[in-house]
Amino acid sequence: MPIFWLCLIVSTIISAASERASGTTIDSGSTILACAAVLLCWAGVHRLVAAYAALRVDEGRWSAATAERFVDGWLPRLRWTWLPINALLLSVGQFAALAADHPVLVHSLTLHAAWLLLPSFVAMGWSIHCGDELQRYLAQKHRWFAVPTGLRSLWTESGWIVAPLVAVLLTMDLIGLITGVPGQELSSGWLALLIVVMPLLMPWLMSRVWRTASVKRFNEYQWLDELRAASGVRGVAFHVWPTGGRLSTAAAIGFVPGARLVLLTDGALIRLPRAQLSMVALHELAHLKRWHMPLRLAALLPGWGLAAVLAYFIFPAIPWLPLPLQGPLALTIGLGSGLWLLRWVSHATELDADREACRLALQVAKQVSSIPDSQSEAARQLAAALDTLTAGAPRARRRTWFHPSIDDRLAALLRIA
Ligand SMILES: [Zn+2]
């Protein structure tokens, strides 16, 4: 869920920045108490969802698969609700203002950011932990309240965005120490730097965190590099992503030429015959060729714009709307509408990548052997690959916020074939 983490970090920065202006006195005791209460409710709701699913299985009413589907459906939905909760906690709850006045935090951007993100990481860690724990419980009747395993998953999910954030903030703190200019005064500078550096660093970081390796290191997958060259998409490398055979998928990461990766998991490489694998690889290249990632990020911009217009021009003109509610309300409406637009763009670009992959196949087949050499054959092979990759994984076949369902994609491919 890279988009979720990006939204979380950006909305945290905006909530914290919008708070600065207010300048009211803060009761730190009640602020921390409110934060603890919110997190306790959050933990309770998650525990309830997992416990309900486990209870249904124990009663023999649900199969383990049904219970997993139920929890897999609820946890991501709950996770998105954290964004407005967090925005309220930081602004109305004055959690951000507490850091702005703190004698220690005010001197270090790194510690300041750690403070602002603390509630979110506790909440997300707990959410991941509850999902993991239910799976363990279903697999081996493990007791509840086992040792948390959420931390590792939390790092896997968020390390790519947290690591560069911490690196930039530590650098700014260091510059502040050396030059004597307080880091806080450089804050708009680091934000701009982060936005520029992020797309460049992200693929490199993900390849480190997930321990991927170039396909050039494997004799049997050299042809994938030939396919990449023949596709005409420049500045991208194919990497194998080792997951112990757990994951069968592929992903394109980054969008700046020279700092882009297409990851193919070991599960996909083992399970797919060459013609199908080539179509999956071409689908990912199509995402890069057609600039789908920047398009998806740009889809979030109108939402932020709407939030700004509401917060600065429309809401202040409504006399009955209390001032402390205006910012969070604008943020919630802006973020919500941005996410709806992103959903539409994500679905459209996914189908577009399928179509473009079939066109690319014709071009590549002239130079690389065993690649589907007609649009209809390409569409059939891609459809077969989608079927193979998601066989026995009903959750991967369903429509999600960012992906059309496999059935929708197969129907679109059938029209080509
Ligand atoms: Zn795709």
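## Helix packing and domain contact in a predicted model

Helix α10 is followed by Trp291, which has a positive phi near 55°. The structure is a predicted model, in which local features need pLDDT of at least 70 and side-chain atom pairs count only at pLDDT 80 or more, while totals for chains, interfaces and linings use all residues. Residues are numbered from 1 along each chain as its sequence is written. Helices are DSSP runs (H or I, at least four residues), numbered from the N terminus.

Of the 16 residues of α10, 14 are buried, so this helix is largely enclosed by the rest of the structure. Buried means that 20 or more other C-beta atoms lie within 10 Å of the residue's own; 12 or fewer makes it exposed, and anything in between partly exposed, with C-beta atoms placed from the backbone.

The buried residues of α14 include Ala378, Leu382, Ala383 and Leu386. The buried residues of this helix pack against α9 (266-271), α10, α13 (323-365) and α16, where a contact needs C-beta atoms, placed from the backbone, within 7 Å. Gly392, with a positive phi near 70°, follows α14.

Leu410 lies in helix α16 (residues 406-416). Leu410 touches Ala383 and Leu386, leaving aside residues up to four places away in sequence. Leu410 is partly exposed, because 18 other C-beta atoms lie within 10 Å. Its C-alpha atom is 9.7 Å from that of Leu351, 59 residues apart along the chain.

The chain divides into domain 1 (1-201) and domain 2 (264-417), with bounds from an automatic or database domain assignment. Domain 1 gives 14 residues to the contact and domain 2 gives 10. On the domain 1 side, α1 (2-20) and α3 (64-90) each supply at least two residues. That side has 8 nonpolar, 4 polar and 2 charged residues. Here Ala, Val, Leu, Ile, Met, Phe, Trp, Tyr, Cys and Pro count as nonpolar, Asp, Glu, Lys and Arg as charged, and the others, Gly among them, as polar.

The axes of α3 and α5 (residues 109-140) come within 10 Å and cross at roughly 175°. Therefore α3 is roughly antiparallel to α5, a term for angles over 145 degrees. Axes are lines fitted to C-alpha atoms over the stretch in contact, and angles run from 0 to 180 degrees between N-to-C directions. Among the contact residues are Leu75 and Trp82 of α3 and Ala123 and Leu134 of α5. By class, this contact has 13 nonpolar, 5 polar and 2 charged residues.

Notes: Two residues are in contact if their C-beta atoms, placed from the backbone, lie within 7 Å. Angles under 35 degrees count as roughly parallel, over 145 as roughly antiparallel, 65 to 115 as roughly perpendicular and the rest as oblique.
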